[in-house]
Amino acid sequence: MDSLALFCTGALLAAGIYWFVCVLGPAEQKGKRAVDLSGGSISAEKVQDNYKQYWSFFRRPKEIETAEKVPDFVDTFYNLVTDIYEWGWGQSFHFSPSVPGKSHRDATRLHEEMAVNLIQVRPGDRILDVGCGVGGPMRAIAAHSRARVTGITINEYQVNRARLHNRKAGLDSLCEVVCGNFLQMPFPDNSFDGAYSIEATCHAPKLEEVYAEIFRVLKPGSMYVSYEWVTTDKYEAGNPEHVEVIQGIERGDALPGLRSYTDIAETARKVGFEVVKEKDLAKPPAQPWWTRLKMGRIAYWRNHILVTALAALGIAPKGTVDVHDMLFKTADYLTKGGETGIFTPMHMILCRKPESPSDSSSSS
């Protein structure tokens with residue numbers, strides 16, 4: 001009987017470990033596995049040092065004196081977090097409103113499809129994904145619209161991951177990925193039929209510079225939509241709690257200072273865009289976007305325990321625990337930003353490049 005009890009206990013323990021690591025493990029079963037976590041293009045022995053450099057640089061985002069260094073540190077950030085994002089979140093590195101009766105994955109896909117519907121592209125059109133990450137939105141948008149999508153990301157590791165996923169999804173004929181800085185894009189003038197960015201241009205030190213580049217590469221008459229990270233009208237700069245939340249989001253997401261919602265349309269018009277529509281997609285009747293973060297607290301703790309164990313065993317690089325801890329804390333700040341309404345990651349602006357320079361009227 002003792003042997004049977006011991007066997008049953010062992011079997012239950014083994015089943016529990018399998019369930020804990022494999023069943024509840026990665027957000028994308030076809031994506032990263034915990035044992036494959038890395039520092040992207042950073043060698044394993046340098047992950048911890050690069051994390052310390054990153055943290056030092058973004059300690060006070062609004063006090064960054066050398067904006068020229070921001071792209072390099074954003075690149076470092078995505079080397080550090082890409083595997084963790086893929087493993088714990090999925091291949092679409094952004095938020096979306098919750099949709100009753102829909103899974104997080106379906107809600108994410110609908111949010112992405114809305115972007116391409118807004119810019120009114122047709123099958124075969126060539127469109128630009130500004131800050132494509134590992135290409136989750138690109139693949140959803142290409143499959144939905146049958147447009148040819150070119151994505152640009154500053155991070156070479158993400159380029160390789162995106163190309164791998166494109167091949168696996170059978171979409172590499174519609175999806176192209178380019179490594180480059182969206183402040184200086186390697187594309188000719190007037191070369192795209194439309195463009196979108198989903199929670200990506202927040203990394204630009206100056207929004208005007210990236211909007212000007214997008215304006216340049218769009219064909220006259222084409223449309224651009226962006227989901228922007230901004231502070232809302234509820235944010236009070238004199239409120240210490242508000243300031244702490246916003247700075248926590250900035251530090252944990254490689255942001256050189258969050259912009260106010262009032263800056264977005266003004267910047268778009270400044271570079272020549274006609275503003276067609278502007279709306280915070282997080283406002284009611286939209287369901288909260290941050291519930292996924294709250295519901296995932298058990299998963300965060302589970303993943304943190306697993307990351308700690310893998311780092312201790314030498315399977316994951318030293319520094320991975322620090323990076324995961326940073327993201328864990330940032331999730332709390334993001335949740336507080338959503339609950340208080342002082343922050344939104346989906347302030348939508350829809351713009352059109354005029355047919356001619358004189359056609360610069362705007363509406364909202």
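Which helix holds Ala 268? Ala 268 sits in helix 9, residues 262-270. Before I go on, a word on the ground rules. This is a predicted model, where local features need pLDDT of at least 70, side-chain atom pairs count only at pLDDT 80 or more, and totals for chains, interfaces and linings use all residues. Residues are numbered from 1 along each chain as its sequence is written, and side-chain values use heavy atoms, with hydrogens and water left out. Helices (H or I, at least four residues) and strands (E, at least two) are DSSP runs, numbered from the N terminus.

Back to Ala 268. Is it buried or exposed? Ala 268 is buried, at a relative accessible area of 0%. Buried means under 20% relative accessible area, with a 1.4 Å probe and protein chains only. What touches Ala 268, leaving aside neighbours within four places in sequence? The contacts are Tyr 211, Phe 273, Val 275, Ile 349 and Cys 351. Contact here means heavy atoms within 4.5 Å. Val 210 is 58 residues away from Ala 268 along the chain, and their C-alpha atoms are 10.0 Å apart.

Next, strand 5, residues 218-231. Eleven of its 14 residues are buried, so the rest of the structure largely encloses strand 5. Which strands pair with it? Two strands pair if DSSP finds at least two bridges between them. Strand 4, residues 192-198, runs parallel to strand 5 over six bridges. There, Phe 192 is opposite Leu 218. Strand 8, residues 343-352, pairs antiparallel with strand 5 over eight bridges. Ser 226 has Ile 349 of strand 8 as its bridge partner. That is the Ile 349 in contact with Ala 268. Strand 6, residues 259-260, is parallel to strand 5 and joined to it by two bridges. Val 230 faces Arg 259 in that pairing.

Now helix 5, residues 136-145. Eight of its ten residues are buried, so helix 5 is largely enclosed too. Among the buried ones are Met 138, Arg 139 and Ile 141. What covers them? The cover includes helix 4 (104-118), strand 1 (126-130), helix 6 (156-168) and strand 4. Just past helix 5, Arg 146 has a positive phi of about 60°.

Last, the cavities. How many of 30 Å³ or more turn up in the whole structure? Two. On a 1 Å grid over the protein atoms alone, a cavity is a set of points where a 1.4 Å probe fits but cannot get out, and lining residues have an atom within 4 Å of a point. Points are joined across faces, edges and corners, and volume is the space filled by probe spheres set on them.

The largest cavity holds about 350 Å³. Its lining has 29 residues, with Tyr 78, Gly 131, Phe 182, Ala 200 and His 203 nearest the centre. Helix 3 gives the most to that lining, four residues.

The second largest cavity is about 30 Å³. Its lining is Ser 38, Gly 39, Val 47, Leu 80, Ile 84, Thr 320 and Val 323. Helix 3 and helix 12 (320-340) each give two or more of these.

Methods. Buried means under 20% relative accessible area, exposed over 50%, partly exposed in between (1.4 Å probe, protein chains only). On a 1 Å grid over the protein atoms alone, a cavity is a set of points where a 1.4 Å probe fits but cannot get out, and a pocket is an open set with protein on both sides within 12 Å along at least five of seven lines; lining residues have an atom within 4 Å of a point.
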